[in-house]
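Please look over the chain shown here.

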Amino acid sequence: MKLLIKFCVVLILLLNTTSCVTTSTYGSTFEAIAKTNDIYTLKIYYGGPPPQWATDVNFQEGTDSALYEKAMAFIAENPEYNSYKVVDIEHSHIPSYYRYSVHFLRN
């Protein structure tokens, strides 16, 4: 019985001190706001079992890196663009996501 209690305590401590942020676009891609101004939006959902000390900044770091990967893939598929700039970020708690408005810059 004591072993089971120790195991549960260790498990709870590990769950409270470690976590990872998971992100997903659920297969969505950049959606054009207007073809003439090269601004697109992308919604990136996040989740995971955060510890009590986690803040939205930790989640945004995860979604920022997911955005970078998606933006680089978009630039590779569209050679008229060479870089991007985030112009707006919207945040929703339920469901948990960040919606990025991204201006892709032409060569």
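The report starts with the basis of the model and then turns to the chain.

## Basis

This is a predicted model, in which local features need pLDDT of at least 70, side-chain atom pairs count only at pLDDT 80 or more, and totals for chains, interfaces and linings use all residues. Residues are numbered from 1 along each chain as its sequence is written, and side-chain values use heavy atoms, with hydrogens and water left out.

## Fold

The chain holds two helices and five strands. Helices are DSSP runs of H or I with at least four residues, strands runs of E with at least two, numbered from the N terminus. Their order along the sequence is α-β-β-β-α-β-β.

Of contacts (heavy atoms within 4.5 Å) with a separation of 6 or more, 56% join residues 24 or more positions apart.

## Surface and burial

The accessible surface (Shrake-Rupley method, 1.4 Å probe) is about 7,200 Å². Carbon and sulfur atoms supply 61% of that surface. Of the 107 residues, 26% are buried, meaning under 20% relative accessible area with a 1.4 Å probe, protein chains only.

## Asp-38

Asp-38 sits in the loop between strand 2 (31-34) and strand 3 (39-47). Asp-38 is buried, because its relative accessible area is 8%.

The Asp-38 side chain makes a polar contact with the Arg-106 side chain at 2.9 Å. Such a contact is a pair of N or O atoms within 3.5 Å; within protein, one must be able to donate a hydrogen and the other to accept it, and residues adjacent in sequence count only if both atoms are side-chain atoms. Beyond its neighbours within four places in sequence, Asp-38 is in contact with Tyr-81, Val-102, His-103, Phe-104 and Arg-106.

Technical notes. Buried < 20%, exposed > 50% of the residue type's maximum accessible area, 1.4 Å probe, protein only.
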